[in-house]
Each structure stands twice: as C-alpha cells, then as structure tokens.
Amino acid sequence: MSNHLANTHSPYLMQHQHNPVDWYPWGEEAFEKARREDKPIFLSIGYSTCHWCHVMAHESFEDEAVARLLNREYVSIKVDREERPDVDAVYMQVCQALTGTGGWPLTIFMTPDQKPFHAGTYLPKYSSYGRVGLMDTLSYLAEVWKNDRERLLRNGDQLASALRRVAAPKPGSPSEKLVRDAYQEYRCTFDSKWGGFGGAPKFPSAHNLLFLMDYADRTGTPEAMQLVCRTLNAMEAGGMFDHIGGGFARYSTDERWLKPHFEKMLYDNALLLLAYTEAFQRTGEMRYADVARRTADYVLREMTHPDGGFYSAQDADSDGEEGKYYRFTEAELISVLGEKDAELFLIAYSLTAGIVNRIGLQGDAWAADDPRLERLRAYRAERTALHKDDKILTSWNAWMILALARAGLVLREMRYLNAAKDAERFLRSALTDDNDRLYLRWHDGACAVPGQLDDYAAYALALLELYRCTFSVDYLEQAAFRADQMLTLFADDERGGFYRTASDAELLISRPKELFDGAMPSGNSCAAMVLQELAELTGEKRFLDAAFAQHAFVAGQAERYGFGVAYGLLAMMRSLFPHRELICCGETDGGALQTYLKQHPANALAILWKTKENALQLDKLAPFTSAYGVPEQGTQWYLCTNGTCNLPVSSFDALRLS
C-alpha cells in the first residue's frame, strides 16, 4: 500500500512511497491536515544517495511500530533536500542552532505553522549508550504537545523569530588584503603530508583549489600552486578517485584520501573536472589531463540522459552495504583478468581493504581505454546493482556544462564541448517555463520547484563559458538575460547580496540567504562571478554597479571567514588585480586565439568577437563595441589593459599576450 508520496517525481521521496509511515510531501495538504487534527509535524529531510538516510529508513521508517506511533501522533512530511534546498537551509540552521551540528537525515519537530521546536539528525530506533532514540523522542514530544504545549509553542516562536533576525554582516571593502589573508588561512590549515585542508573527513571542495590557482597566477606565489598540486595528486592516488571507472566519490573518511564515502555527486565531479583541467593548463602535467578525461568520460558514460541533461548522483550502498559495488578481492581480480594480468594490476594499483588505490606507487596507471579496465567495469556492474538518482538539477547541470566546455577547449576534445552544448539545450527546453523562468528539477518528464538563486547564477556562468568557447553571441545574450532575472528576483536591495529564493516564491518562516561556500560555491559567490564577467564583457553600468556591490557583500563575509568565500574572492580578484579585455573584429577563424585559450587560464582575459553577422546583436549587448568597425577583410585586434586601450593590430601574434 502506498502513502502520499506515490505520485511524486523525486527519486528520494519515491524510495519511501511504500513505507508504513503515512508520509506527505511538503505542501499545504500536510499543513492543513496537521491544523485540522491538531497534531505536530514530523519533518524528515534527506536525499536518495544518503547512507544514513537509508539506515534510518530501514531501521525506523519501514518499521510498523514506529509507523503506528508517527501516524497516530504526528503528520509526517518527507523532503528531498536537493529539490528543496530552501526548506533544507532554513531547518538546517535550526538544527545547528539547537544542537551545534547538522547533517542528513535532518529530523525536525514543528508546529502546523512550520515553527520548529526540536531538531536532530540520525536517530536510532531505540535509546542506547546515552543517546535518545526515535521512539522515546516521539513519545515524549507527543506527550508534551498534549500537556505542556505552551512550552513548545514558545520555543517555536523564539526560534522562528531568531531566524528572521539573523542578518548578514555589513558590506566590507574589497581589497588585496582580504585575498591575501584568505590565502594565509589555507596555508595554516593545509595538510603538508596528504594534501587538502584540515583533518578527516576530507572534502574535495575544488573551488578552494580554483581560488589558489588564480591566486598563484595573480600574486606570483608558486607555493599556492604547490598546495593545489599536492592535493590533486593525493586525491587522484587515493581510493576517493575511481581508478576503474573514473570520477570521484563525495569525500574521504580518512586523512589520506584512501577510504571514500562512496557516493558520487554530479557537482563534485564537475568542479573537480574543472580543477584538474585548469591544473593541466597551468602545469602541462599529463596526469591531470588524464584524470580530467577519465572524469568527463565517466559522466558521459554513466550520468548523461539521452536528451543531454546530467543525472544527479550514484549511491554509496549496494545490496545494503556501503561501497560493495567498488570493492574487489584478489580472487575476483584473478577470475576477471586471469593470474598474469591480475598480478600486473597489483603492481600498478594497491588493494587496501578491497579499495583500489595508487597511494605510494610510482608506476604508470593503466590507460583509461585499456580493455582490462573495461572488463573490470563490466564485471562490477553485473555483480551488484548501483542506485542512480536520475533527476536533473539545473544548478548542478550548469556546473557540469561549464566544466565540460572548459575541458573540451583545453583538452582539445570536441565531444566534451558538444556534450556541454547538448546539456544547455536541455536546460533551455526542459527546465524553462513559458515565462522564461527556470525550474530547479526535472525528472521523468516532469519539472518542479521554481528556480532558486543557484540555478540562475550557475546557469549564467555556464552560458558565459559557452560563449568563451564558441563566441556565439546567443550564449552571451542568454547570460545577460539570466543575470538580469537574478538581479530582479533575488537581490536584497537593503542589506546587499542575494536571497536563495525569489521574491515571489513560497513563504517559509524565514527567507534564507546563503553566505558561505559549502560543497559548491554559494549562490552569492557565483553571483559575484557572473556580474564581474558581464561587467567586463558588456561595460554596462547595471552590471558594473551590481558587481561592485556584490564584491562589497562578499568582502563583508571575508572579513569574518575568508576561507568560506573562496569563489567569491576568486571573482573579486578579477576586479582587484590587473585585467585585460580583447575585442576581435572581423573573420571568425580564431585558430591562434583558440591555441592561446587552451594554454592560458580563463580568468586572464575577457574576450568579445565581433563579426558582420553578429554586429547588431553584440552592439546591443555591449554598446561600447559599436565604435569598433568590422573590416572588409581580415581581423583587427584591440587589446585594453586596466582601462587603457592600445592601437589595433592586424595579427594575433602582434598582441604579445603572453
């Protein structure tokens, strides 16, 4: 028998549709039932590839005794945090305030008007070893609701009021000092032995590495690049990288990147693809190009919808066991490869507790297209099932579009750039409504949830990268359009920055504003980069003013915690340090320019290409370009440095960019 989740399209909610718990999706039907029956709400937030969400589900939500208690005393709501990051952000803040920690599954007890009065994360079914279990918590709070409700209501009112009072710091002053102070934070927390920052567990947080690479370029600090390379080398050698099938797991549970939490997230692989691509571009180290290709190929092989979008995640668990899909025994290697090749495999790779890795090994890895690796991939796919969360999220897809486009340019792989174009077309057709507003999620033909800040900002970044790789002005036009929507729908004109949800979105007990980067760059950090790039490319006052204001907003956060706004500081550096703009007018054969772009970081140069065909469109987007005529033959190159323009030259080599 199904509960009220049966008609939802979220893979996570669908996993719970046959629970004996009478789950409702987030919505007015559940809140009205709670008001009508005078019951508190039990809110459970998770996602489909979350290991501890699975544990709590099997232990409690599939249990008849737990279900009877929940169904009798509560109205139960399930939320997919990846579909409703706004709901998750509000109640995660509650959990962190009440308990000092957070995570998933997130467990919230609240009133029918959404005011929380108790919070936690994973709760075992029964109390043990000093930890209060779910059954005892449910019974106790149900009794208090009946007999001492005023206390719970006061707690809910106080928490809701406190959330609404939380304000971001005042805007600060963008400065090189903030950037240099942030770098010192990275130096102080760097693990000189194993790479990465801090101790276990270690998250890749590749945007930190992107910041450090750009910092090394702009300040002439080679040590910053050394931190990046040590980290990239250690991650690639460890078990967090899938040496058989490519791609990275979500994080490492130990300090040396050996033991992963095995779930694979699209956003991690997008950002790591970008980091390894940029590291190859700067160093010429082929190992970085190899990791980038294996990661991109994994995404195209296993995470791509036939129509072009990218799926969200693959689970850590198989047959109820974390990592079973990825672990091997020596006997299995012999059975698949034969004794000789199994012996060669164990020279190139280590097998530590069944985890394939290359820690401490100096020999070459097997080539990505080695047929022996393909046999191992095929074997493990047949050995056990691996759940895939096949919903398509706009912001996560946008990051993968950006990364694949950059990889296609730098690695000279047109199939990556073509995949990025296909995915952008999918977002434009499947995740855009009749009013040109974005949706957040698509699954099985159905869209849901109005787009949030991350969706508009990341999509604009992806469009800007596609413009840079193709010089198709349509991409630039769309990026400016999405940025204008972002400014209209999400900007906080009073206190600066951007809210997570649009001005006409569903009202929650507070309107969340994400201040710091997490596993991905925050929406506010992305917005800073979008506005800075558009200010450079268009020269339009609305983007120049908005970029200045957003850098000030990021500076206010950086004064508290520079480590937490790496991507925002990366955007700020573009305005603080010497910058150059290149306007190319004429024929579109940009062979010399494309060669330059393959070898030099994207942040170093803002480029516009004007032709007879796109002149009117470009003049409208970037009015200053109307002064640049298109010659009848050949190309004129105009280079501007720090606001000063040089005389045009007729050959690319004469620019002397390097």
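Helices (H or I, at least four residues) and strands (E, at least two) are DSSP runs, numbered from the N terminus. The structure is a predicted model, in which local features need pLDDT of at least 70, side-chain atom pairs count only at pLDDT 80 or more, and totals for chains, interfaces and linings use all residues. Residues are numbered from 1 along each chain as its sequence is written, and side-chain values use heavy atoms, with hydrogens and water left out.

The protein contains 24 helices and 21 strands. Its C-alpha trace spans about 80 × 70 × 45 Å along the principal axes. Among contacts (heavy atoms within 4.5 Å) with a separation of 6 or more, 69% join residues 24 or more positions apart.

Arginine 327 lies in the loop between strand E11 (321-322) and helix H13 (330-337). With a relative accessibility of 28%, arginine 327 counts as partly exposed. Apart from neighbours within four places in sequence, arginine 327 contacts Phe262, Glu322, Glu332, Ala353, Gly354, Ile355 and Arg383. For alanine 353, the backbone oxygen is 2.8 Å from a polar atom of the arginine 327 side chain. Arginine 165 is 162 residues from arginine 327 along the chain, and the C-alpha atoms of the two are 49 Å apart.

Key:
Buried < 20%, exposed > 50% of the residue type's maximum accessible area, 1.4 Å probe, protein only. Polar contact = N/O pair within 3.5 Å; in protein donor to acceptor, adjacent residues only side chain to side chain.
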